[in-house]
Amino acid sequence: MAGRTETSAARSGQGPATGWAAAPKLRLMDLVAMVWRERITVITVGLALGLVGLAVALMQPRYYTARAEVLVRLGQEYVFQPQVGGAGAGAAPKLSEVINSDVQLAGSQEVARRTVAAIGATTIYPDLAEGEAQDPALQERLAVENLMEDFGLITAPETPTIAITYRSKDRDMAARVLNLQLDGYLAFRREVLVGVESGAFDNQRAEFESRLGDVSGDLALFLTSNNIGDFERELQSLGELVTTTETELFATRARLQETAARAASVSAAVSAMPDTIELQSETTVAGQLTALQLEREQLLARYNENAAPVREIDRRIAQVQAFLDNTDVNGVTRTGPNPVRQEAEGELITLQAEVRAQQDRVAALQRQAAQAGERLRRLQGLEPQFRELTRDRAVLEESARTFAARAEEARSFREIAGANSDNISVVERAAPPRSPAR
C-alpha cells in the first residue's frame with residue numbers, strides 16, 4: 001500500500017511526502033496500548049499527585065462560615081422629600097438600586113471598623129497579638145482588612161434578599177462577629193439614610209446661632225456706646241416729646257403775650273389814677289337827730305302823742321332840729337389812699353409776676369425742645385445702623401429657628417424610621433456553624 005502510494009507519487013512527478021502528512025495516524029487502540037505499556041509509571045505519578053493534594057488539603061486551616069440573611073424592601077428613607085418646594089416629591093429608586101445601596105452599606109469599612117472596635121482586634125484575630133504589629137491602631141487596621149476579606153455578601157437577580165457570610169477559625173466567633181456586623185449595618189444605614197439631614201440642620205443652626213451671638217453683641221455694644229436703652233421706645237418718646245414741647249411752647253408764648261398786654265394796660269391805667277381821694281362822712285348831730293326820730297316812732301307804738309314820754313322825745317327832737325337849723329354843720333371831710341388804684345396795683349403786680357413766670361417757662365421749654373431735638377436728630381442719624389443690626393439679628397433668629405425646627409423634624413423622622421424599619425427584615429440571624437467549610 002505504501003509502495004503503491006510512493007510509485008504513484010513518483011509517476012506524477014512529485015517527491016516523497018514529509019512532516020505531518022507522512023506521520024501515521026494514532027488510533028484509540030494505539031493510545032490504550034501505549035498507556036498499558038507505561039502503566040506502572042502512570043499509576044505512580046497519579047498516586048504521588050493525589051498524596052500531595054491530600055497532604056496540602058489536610059494542612060490547610062479549617063474555617064467555619066456563619067450565615068445570615070435579610071429581606072430588603074423599599075422604605076420611606078429612600079423616598080425623596082424636598083426641603084424647599086414640592087418638585088420631585090415622592091420619587092423612589094428601583095428595588096435593584098435599593099439592594100445595591102444596602103450591599104454597599106453592609107460591606108462598608110465603617111461597619112467593619114465598628115465591629116472590630118466592639119469586640120477587639122486581637123479577640124477576633126488572635127494571631128495579631130503574636131505578630132510584630134503591637135501598635136493598637138495598626139492591629140485595628142489589620143483586623144478591619146482581614147474582616148472585610150472574610151466577610152461576604154451574596155445577592156441574586158430579581159431577589160430582594162441579601163445573604164451575609166463570615167468565616168472564622170472559631171465557630172462561635174464567626175456567629176458573634178456576623179451578628180454584630182448585621183446589627184452595625186442596620187444602625188449605620190439608619191444614620192446614613194435618615195440621620196444625615198438632622199446633623200446638617202444642627203450644624204446650620206449652630207452656625208446661625210454663632211453669627212446671631214456676634215450680631216447681638218454688636219447691637220448691645222452699639223446701644224451701650226450711644227447710651228441707648230430701648231432704641232424704638234426712645235425714638236418714639238423723643239418724637240412725642242418734641243411735638244408736645246413745641247405745642248406747649250407755642251401756647252406759653254401766646255399766654256405770655258396776652259399777659260404782657262394786660263399788664264401794660266393795667267400799668268397805664270394805674271399811672272392815670274390819683275394816689276389819694278377825698279372821703280366824707282356824716283356829722284354826729286345829724287346822727288343823733290335820726291336816732292331820736294327812730295326812738296319816737298318806737299314810743300308811738302306803745303303810747304299816744306299826749307303821753308309824757310312822747311312829749312319828752314318831741315322836746316329833744318325840737319332842740320336838736322333847732323341846733324341844726326341855726327348852725328352850719330356840713331360834716332367832716334378827710335382824704336385817704338385811692339382803693340381803686342390799690343386794687344389795680346395789686347392786679348399789676350400779679351400780672352408782672354405771671355409774665356416773669358411765663359418768660360422763664362418759655363426759656364425752659366426752648367432748652368428742652370432744643371435738647372430733645374438734638375437727641376432726636378442723633379438717633380435718626382444712628383437709625384440706619386440700628387435697623388441694619390436689628391434686621392440681621394431678626395434674619396439670623398428666623399434662620400436659626402427654621403433650622404432648629406427642621407432638625408427636630410429630621411430627628412423625629414429618623415426616630416420613626418428607625419423604630420419602624422419594616423423595609424429591612426432579618427430573615428435569619430447567624431448561628432454557630434456545625435461543620436467547617438474548606
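Leaving aside neighbours within four places in sequence, isoleucine 124 is in contact (heavy atoms within 4.5 Å) with Thr115, Val116, Ile119, Leu147, Tyr166, Met173 and Val177. The model is predicted, so that local features need pLDDT of at least 70 and side-chain atom pairs count only at pLDDT 80 or more, while totals for chains, interfaces and linings use all residues. Residues are numbered from 1 along each chain as its sequence is written, and side-chain values use heavy atoms, with hydrogens and water left out.

Ile124 is among the residues with the most contacts inside the largest nonpolar core, together with Leu147, Tyr166, Leu178 and Tyr185; this core has 35 residues. A nonpolar core is a set of buried Ala, Val, Leu, Ile, Met, Phe, Trp, Tyr and Cys residues joined through side-chain atoms within 4.5 Å. Buried denotes under 20% relative accessible area, exposed over 50%, and partly exposed the range in between (1.4 Å probe, protein chains only). The elements that contribute two or more residues to the core are strands E1 and E3 and helices H4 (95-106), H5 (109-119), H6 (121-124), H8 (136-150) and H9 (171-193). Helix H9 gives the most, with nine residues. Another core, of 14 residues, lies apart from this one and includes Leu219, Leu223, Phe231 and Leu379.

The secondary structure of the chain comprises 14 helices and six strands. These elements are DSSP runs numbered from the N terminus (helices, H or I, at least four residues; strands, E, at least two). Of the 438 residues, 28% count as buried. The chain exposes about 28900 Å², of which carbon and sulfur atoms supply 54%; accessible areas come from the Shrake-Rupley method with a 1.4 Å probe, and for residues only the protein chains shown count as cover. Among contacts with a separation of 6 or more, 80% are accounted for by residues 24 or more positions apart.

Strand E3 (residues 161-168) is mostly covered, with seven of its eight residues buried. Strand E1 (residues 64-72) pairs with E3 in the antiparallel sense over eight bridges, two strands being paired if DSSP finds at least two bridges between them. In this pairing, tyrosine 64 stands opposite serine 168 of E3. Strand E2 (residues 151-154) also runs antiparallel to E3, to which it is joined by four bridges. Phenylalanine 151 has tyrosine 166 of E3 as its bridge partner, and glycine 152 stands opposite threonine 165 in E3. The hairpin of E2 and E3 has six residues between the strands, and glutamate 158 in this hairpin takes a positive phi near 55 degrees.

A positive phi near 55 degrees is also found at asparagine 227, a residue other than glycine. Asparagine 227 lies in the loop between helices H10 (196-225) and H11 (231-272), and counts as exposed at 64% relative accessibility. Asparagine 423, by contrast, is buried, with a relative accessible area of 7%. Asparagine 423 is placed in the loop between helix H14 (339-419) and strand E6 (424-428). The C-alpha atoms of asparagine 423 and valine 70 are separated by 9.9 Å, although the two residues are 353 residues apart along the chain.

The count of salt bridges comes to 16, each defined as a side-chain nitrogen of Lys or Arg within 4 Å of a carboxyl oxygen of Asp or Glu. Lysine 169 forms one with aspartate 127, the closest N and O atoms being 3.7 Å apart. Because lysine 169 lies in the loop between E3 and H9 and aspartate 127 in helix H7 (residues 127-130), the pair ties together parts that are 42 residues apart in sequence. Lysine 169 is partly exposed at 48% relative accessibility. Glutamate 347 and arginine 262 form a further salt bridge, with closest N and O atoms 4.0 Å apart. This pair links distant parts of the chain, glutamate 347 being in helix H14 and arginine 262 in helix H11, 85 residues apart. Both partners are partly exposed, glutamate 347 at 38% and arginine 262 at 40%. Within helix H14, glutamate 398 and arginine 401 are three residues apart and therefore separated by about one helical turn; the closest N and O atoms of their salt bridge are 2.7 Å apart. Arg67, Glu69 and Glu428 are linked in a network of salt bridges.
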